[in-house]
Amino acid sequence: MHHSISTLRQQLTGMSWFDFFKILMMVFIASLLLTIALPSYAVLLKKATTISLLLVIVLKDLLEAPAALRRAKASRHHGGNWLQFLAAFLPPEFPAVFRLERTMWAGCWQWLTRKTPAAPVPGRVFGFWDKGSYSTIFIVVLLALATEVPFSALMVSLMAPDAHTRTLVHGIMLMLTMYSMVWLLGDRYWVRHSYHVLTEDALHLQLGSRSSGVIPYAAICSCERFAVDDKQPSWKKFDYPENSIVITPFDKPNLLIKLHANAQVRINHFQLQKTDVQQIYLYVDEPGQLAAALQACLATQEIAVSKLI
């Protein structure tokens, strides 16, 4: 019994809130299907599902309360304002979503006003735009959003005879389409104006507003070409190791960078800071050139360190 409770606690605390809400959503949908299949038990199922979901949410929140207190104390210790202090009590994923939302709206506005962001740090630049599938996916999604409004207008007119209902649904669909367009254009702006850069002492990673970080050469253990096994079924997602991060627009990664165990490198991934990364799966247009250049930088640093010793 004690082992089962300990296992449940580890699973709840180790699971991100995004994955947690995905599971809760699947349970909620399953309960709705059961309610439709068993109408005589509908009231009982609704009450049991609501109470169970709320209890699990409260349990996860209580289990993560000590970590929230540590984040709040750290925020106060580093001179954070009262807003940062209160945000520290929230799960880290929630402020990250708000920051990502803000950057997407800012990117869309800068795309509309044709503003150019600051130039990357001086160094050798490696992009991921020319040979990747990002441009194709962008055009496909853009066309899908452009045809969504007239298609929805036609379907709603056929399915909803009430004029008030049609107006309401038209308004909701239009707002969802415009919101999706903001995210699409904002992401396109940041991705199009970002690069990975090799400088004298570090690898600067920058994939739009999704991922960024500075990796000192001293923290890098090795760099090698990587390819996902094409023999596995297309529906099966590649199982990346624990403490790894994937930085790619949409394509499969083609480069693997391994870090030392005590590297303690900080990488922002979807505005959420990660400090336990040990492996970085990267996509670039020229993986061979980046691997060779990075290995040369690592060799140069090893020679410099040996001379000092």
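## Terms and model

A residue is called buried when its relative accessible area is under 20%, exposed when that area is over 50%, and partly exposed in between, with a 1.4 Å probe and protein chains only. Helices (H or I, at least four residues) and strands (E, at least two) are DSSP runs numbered from the N terminus.

The structure is a predicted model, in which local features need pLDDT of at least 70 and side-chain atom pairs count only at pLDDT 80 or more, while totals for chains, interfaces and linings use all residues. Residues are numbered from 1 along each chain as its sequence is written, and side-chain values use heavy atoms, with hydrogens and water left out.

## Overall make-up

The protein has nine helices and ten strands, and buried residues account for 32% of its 309 residues. Its accessible surface, computed by the Shrake-Rupley method with a 1.4 Å probe and, for residues, with only the protein chains shown counting as cover, comes to about 20000 Å², of which 66% belongs to carbon and sulfur atoms. When contact is taken as heavy atoms within 4.5 Å, 71% of the contacts between residues at least 6 apart in sequence join residues at least 24 apart.

Two strands are said to pair if DSSP finds at least two bridges between them. Strands β6 and β10 run parallel and are joined by four bridges, and Val-246 has Tyr-281 of β10 as its bridge partner. Strand β7 pairs with β10 in the antiparallel sense, again over four bridges, and here Leu-255 stands opposite Leu-282.

## The largest nonpolar core

In soluble globular proteins, nonpolar side chains tend to be buried together. A nonpolar core is here a set of buried Ala, Val, Leu, Ile, Met, Phe, Trp, Tyr and Cys residues joined through side-chain atoms within 4.5 Å. The largest such core holds 38 residues, and Ile-215, Ile-257, Ile-280 and Leu-282 are the ones that touch the most other members. At least two residues of this core come from each of α7 (134-159), α8, β3 (202-207), β5, β6, β7 (255-259), β10 and α9 (287-308).

Leu-207, in strand β3, is buried with a relative accessible area of 2%, and beyond its neighbours within four places in sequence its contacts include Phe-128, Val-191, Ile-247 and Pro-249. The C-alpha atoms of Leu-207 and His-193 are 8.8 Å apart in space, and the two residues are 14 apart in sequence.

## Aromatic rings

A pair of aromatic rings is described by the distance of the centres and the angle of the planes. Rings of Phe, Tyr and Trp (its six-membered ring) pair if their centres lie within 6.5 Å, and planes under 30 degrees apart count as stacked, over 60 as edge-to-face and the rest as tilted. Seven aromatic pairs are found in a search of the whole structure. One of them is the tilted pair of Trp-105 and Tyr-179, at 6.5 Å centre to centre with 50 degrees between the planes. Because Trp-105 lies in helix α6 (residues 93-112) and Tyr-179 in helix α8 (residues 163-192), this pair ties together parts that are 74 residues apart in sequence. Trp-105 is partly exposed at 44% relative accessible area, and Tyr-179 is partly exposed at 35%. Phe-226 and Tyr-281 form an edge-to-face pair, 4.9 Å centre to centre and 70 degrees between the planes; here Phe-226 is buried at 16%, and Tyr-281 is buried at 4%.

A charge sits over a ring if NZ of Lys or CZ of Arg is within 6 Å of the ring centre and within 35 degrees of the ring normal. The charged end of Arg-114 is placed in this way over the ring of Trp-111, 4.7 Å from its centre, and Arg-210 lies over the face of Phe-250 at 5.1 Å from the ring centre.
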